[in-house]
Amino acid sequence: MTASSRGDGTFDDDERVLHPPTPTPNPADLWTLADMTGDGKPDAVLLCADGVRVSSQDGSGMFAPAGGWLAEKHPRFLVDTTGDGRADIVGCHDDGVWISLQDEAGTFAEPLYVLDDFGTDQGWTSVEEHPRFLLRTVRDGQMDLIGFGPQGVVVSRGRGDGTFAPSQLVLNDFGHAQCWTGGKHLRFLTDVTGDGNPDIVGFGDAGGWVSHNRGDGRFDQAQLVCRGFGYDDDAGAWRVDRHPRFLADITGDGRVDIVGFGGPGVYVARNLFRRFRTR
């Protein structure tokens with residue numbers, strides 16, 4: 001708890017400004033205050049058995065959670081980035097991408113900073129607004145980092161050793177610059193054609209859009225393939241917070257179909273390879 005001085009010898013009511021890490025720290029852990037950033041404001045520092053955690057103070061006297069990772073801002077993944085069969089930890093923090101490799105004993109190395117993109121400092125403001133994925137954009141390739149950024153679709157090719165090549169804008173679509181927002185539109189990566197490469201599927205204002213993978217990790221311009229499941233009234237007035245939509249093969253032909261839970265009930269659009277049929 002903290003109580004701010006009013007400047008006249010009295011103090012405001014105390015308030016909680018920092019929630020302790022979960023689980024509750026060991027009694028032997030030590031909290032202290034020190035200016036860790038050089039901004040003249042003391043930060044909260046936790047000295048514990050497994051290392052040091054810092055919670056930085058902001059301009060209003062509040063403290064960020066220890067470690068600084070927030071579920072709504074910082075996506076994290078467990079995926080094998082090296083091909084050794086063991087899942088590594090990959091996270092997108094404020095400054096960019098960090099990775100912690102898993103060893104044969106099942107423990108993880110100290111986090112390593114590997115890429116200055118996909119973080120809030122580069123305009124990726126939240127998980128909802130800018131979905132990010134770790135997958136193979138080429139069927140036999142390495143695990144790549146791909147996301148829907150402010151300007152469109154961005155890919156950073158995996159090198160197979162836990163690091164990533166510099167990111168590239170591969171498609172000027174599905175981003176904030178093209179009026180796609182997390183509160184209105186869903187975006188997915190899935191194999192639409194059955195060729196083993198992930199395509200981009202988005203539910204926009206007018207309906208379902210698909211950008212096909214060219215087979216080399218690049219993507220064609222998006223095409224409207226289904227006039228349904230979209231935000232506009234003419235497209236069904238589907239809402240992200242009320243109408244879940246999924247891509248799943250319900251016919252057994254090896255291609256994903258669209259399944260949505262709308263107001264009156266369940267809707268299906270069958271995959272006809274390059275378009276979807278609602279009836």
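This is a predicted model: local features need pLDDT of at least 70, side-chain atom pairs count only at pLDDT 80 or more; totals for chains, interfaces and linings use all residues.

Colleague: How many aromatic pairs does a search of the whole structure find?

Modeller: Ten aromatic pairs come out of that search. One of them is F118 with W124, whose ring centres are 4.8 Å apart.

Colleague: And is that pair stacked, tilted or edge-to-face?

Modeller: Tilted, because the planes of F118 and W124 sit at 40 degrees, while stacked needs under 30 and edge-to-face over 60.

Colleague: Are those two buried or exposed?

Modeller: F118 is buried, at 0% relative accessibility, and W124 is buried too, at 1%.

Colleague: What about F229 and W238?

Modeller: F229 and W238 make a tilted pair as well, with 4.9 Å centre to centre and 40 degrees between the planes. Both F229 and W238 are buried.

Colleague: Which cluster do F229 and W238 belong to?

Modeller: Ring pairs connect F229 and W238 with F188, F203 and Y267 in a cluster.

Colleague: OK, switching topic. What sits over the ring of Y231?

Modeller: R239 has its charged end over the Y231 ring, 3.7 Å from the centre. K184 also lies over the face of Y231, at 4.6 Å from the ring centre.

Colleague: Now salt bridges. How many does the structure hold?

Modeller: Seven. Among them is R86 with D84, at 2.9 Å from N to O. R86 is partly exposed with a relative accessible area of 24%, and D84 is partly exposed at 34%.

Colleague: Which partner does D144 have, and where do the two lie?

Modeller: D144 bridges to R157, with the closest N and O atoms 4.0 Å apart.

Colleague: Last one: how do D253 and R255 meet?

Modeller: Their side chains meet in a salt bridge, D253 to R255, at 3.7 Å from N to O. D253 is partly exposed at 33% relative accessibility, and R255 is partly exposed with a relative accessible area of 23%.

Notes. Residues are numbered from 1 along each chain as its sequence is written. Side-chain values use heavy atoms; hydrogens and water are left out. Rings of Phe, Tyr and Trp (its six-membered ring) pair if their centres lie within 6.5 Å; planes under 30 degrees apart count as stacked, over 60 as edge-to-face and the rest as tilted. Buried means under 20% relative accessible area, exposed over 50%, partly exposed in between (1.4 Å probe, protein chains only). A charge sits over a ring if NZ of Lys or CZ of Arg is within 6 Å of the ring centre and within 35 degrees of the ring normal.
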